[in-house]
Amino acid sequence: MGSLRFVVQLHRARRLHYDFRLEVGGVLVSWAVPKGPSLDPKVRRAAFQVDDHPMEYVAFEGVIPAGTYGGGDVIVWDAGRWVPYKDADPAAAVGRGELHIELHGEKLRGKFVIVRTRRDEWLLLKKRDEFAVDGWDAGACPLSVLSGRTSDEVKADPEWFWRSDLPAAEAAVPARSRTPTIEADTEGLDAIKENGTWEVFGRSLRVTNLSKVLFPGLPGEEPVTKRELLRYTAEIAPTLQPYLAGRALNLHRFPGGADTKGFWQKALPAHAPEWLPRWTEPGSGTEYLVADEPAALVWAANYGGLEWHPWTSKVDRPDLPSYALIDLDPGTGTGWEDLVLLARLHRTAFEHLGVEAFAKVSGRRGIQVWVPVERGPGFAETRAWVERLSRSVGAVVPELVSWAWEKAERGGRARLDFTQNAVNKTLVAPYSPRPAPGAPVSAPIAWDELDDSALRPDGFTIRTIGARLAARGDVFSGVLRAAQRLPKL
Ligand code: MN
């Protein structure tokens, strides 16, 4: 029996209560606990069984609109994994009315029992063990384990709404407008003929050679000029900002255009404007760009940085990754259909493990998966975890895969490359252009799009991704809010 997820959401609806939810059989079996769980074994808490909730609700924190089911504010008061310690079959134990559980949360740890007294009424009890604390009360630790915020703070500025009228997979909708709060003044760009100063995102930026072709056109389409790249960069920068904030940014530069040989630029050049946010790496002394404001990304694009590669760690702790990365690279001989098959096998593995992972097409030929992790484990640990996962998946289709430690790709097979999980190794950012005709972008996809035969690894470009974002929102944004502990493999 693998570990299962649990969450306790502090929910201020008509009455304040704690929703205690355990993953059982693919749903969240749920109880409302008015006084909240306690670590005190002498305390018995009344718990009222309520409707099962969909798994999608497990990380929800935000506001449920007034007048709809459960209207009020919700914070993730505690979350983690649980294991049944007496019953082989938790669903049957719930049916019988007595479930013995061991919680591995931030606040709640150790053994508990939840037992039915009559109909929907249950009691939640802490067993005496090394995690028991006499006199412990839930009200004394009111902060969200997800955001560190109080219920009042979340209510005042929620990130998410829960729309129970929508299917569960779409019910969490961003509360903050996706439109940039500071508009990029693209009319200001239009007014510049070839070289000039663009006032953009509150900065004065000298832009040059705007009619220069940077990307050849796709068949039947105009080539992409530097002007078009800069406009795209300004339009996408607010969406991209959260993925770049606090991280060193490596640039893959193609000042001569996408069909010339590019090179990596990690250190900021001496002529970089002073206002650019930056970070000096201890040890090497290298000064990196940190795109903490949208104008910084526009500067990078004007400087020939066509590809944007943020570090997987933040500059305050460069040794601690906040994502584990899985890079599905087709090698020289793997077809797209086989690569999609590999991606689907990973999807199944994540579902099975209860791990939240987010996929994107690379914009070239591959698929990449980002797994948000709570900061704690170092790169060696996330790399070993990805290696174990990929080896398990690879064992299902040994004829398709080769390994990063093999010098040559065997017969052009796909490469499962876990070695990207290392400091200053990066994958391309979501929505970053790639150096190829038409300026394709690395486009986030929903997992069910793997079943769409029209999906292509380079099917979205800087000309088409905006409409997709407007229609579907940013399907990658869970990377920013689903930090999790990787389960043992
Ligand atoms: Mn509730």
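This is a guided tour of the structure, giving at each stop what to select and what is found there.

The model is predicted: local features need pLDDT of at least 70, side-chain atom pairs count only at pLDDT 80 or more, and totals for chains, interfaces and linings use all residues. Residues are numbered from 1 along each chain as its sequence is written, and side-chain values use heavy atoms, with hydrogens and water left out.

**Stop 1: the manganese ion**

Select the manganese ion together with His11, His17 and Asp19. The ion is coordinated by ND1 of His11, NE2 of His17 and OD of Asp19, at 2.1 to 2.2 Å. Donors here are N, O and S atoms within 2.8 Å of the metal (3.2 Å for Na, K and Ca); water is not among the atoms, so sites may look incomplete. Along the sequence, the donor residues follow the spacing H-x5-H-x1-D. His11 and His17 are both buried, a term that means under 20% relative accessible area, with exposed over 50% and partly exposed in between (1.4 Å probe, protein chains only).

Keep Asp19 selected. Asp19 counts as buried, at 4% relative accessibility, and is found in strand 2. Leaving aside neighbours within four places in sequence, Asp19 is in contact with Val7, Val8, Gln9, His11, Trp31 and Ala32; contact means heavy atoms within 4.5 Å. Ala32 is 13 residues from Asp19 along the chain, and their C-alpha atoms are separated by 4.6 Å.

**Stop 2**

Next select residues 16–24, which form strand 2. Helices (H or I, at least four residues) and strands (E, at least two) are DSSP runs, numbered from the N terminus. Eight of the nine residues of strand 2 are buried, so the strand is largely enclosed by the rest of the structure.

Two strands are said to pair if DSSP finds at least two bridges between them. The bridge partner of Gln9 in strand 2 is Asp19, and the two strands form a hairpin with three residues between them.

**Stop 3: two loop residues**

Most residues other than glycine have a negative phi, and most peptide bonds are trans. Select Arg119, which has a positive phi of about 40° although it is not a glycine. Arg119 lies in the loop between strand 8 (109–118) and strand 9 (121–126), and counts as exposed at 76% relative accessibility.

Then select Phe201, in the loop between strand 12 and strand 13. Its phi is also positive, near 50°, but Phe201 is buried, with a relative accessible area of 8%.

**Stop 4: helix 5**

Select residues 294–302, helix 5, where nine of nine residues are buried. The buried residues, Trp299 and Asn302 among them, pack against strand 12 (196–200), strand 13 (203–207), helix 4 (226–244), strand 16 (248–253), strand 19 (287–290) and strand 20 (305–310). Just after the helix, Gly304 takes a positive phi of about 90°.

**Stop 5: strand 22**

In a regular strand the side chains alternate between the two faces of the sheet. Select residues 358–361, strand 22: Phe358 and Lys360 on one side and Ala359 and Val361 on the other are all buried. Strand 23 (residues 367–372) pairs with strand 22 in the antiparallel sense over four bridges, and Val361 has Ile367 as its bridge partner. Five residues lie between the two strands of this hairpin; Gly363 in the turn has a positive phi of about 90°. Strand 26 (residues 444–445) also runs antiparallel to strand 22, joined by two bridges, with Ile445 as the bridge partner of Ala359.

**Stop 6: the largest cavity**

Finally, select Tyr431, Pro444, Ile465, Arg468, Leu469, Arg472, Gly473 and Val475, which line the largest cavity. On a 1 Å grid over the protein atoms alone, a cavity is a set of points where a 1.4 Å probe fits but cannot get out; lining residues have an atom within 4 Å of a point. The volume of this cavity is about 50 Å³, a volume being the space filled by probe spheres set on the points, which are joined across faces, edges and corners. Helix 8 (residues 465–472) gives the most to the lining, with four residues.

Key: On a 1 Å grid over the protein atoms alone, a cavity is a set of points where a 1.4 Å probe fits but cannot get out, and a pocket is an open set with protein on both sides within 12 Å along at least five of seven lines; lining residues have an atom within 4 Å of a point.
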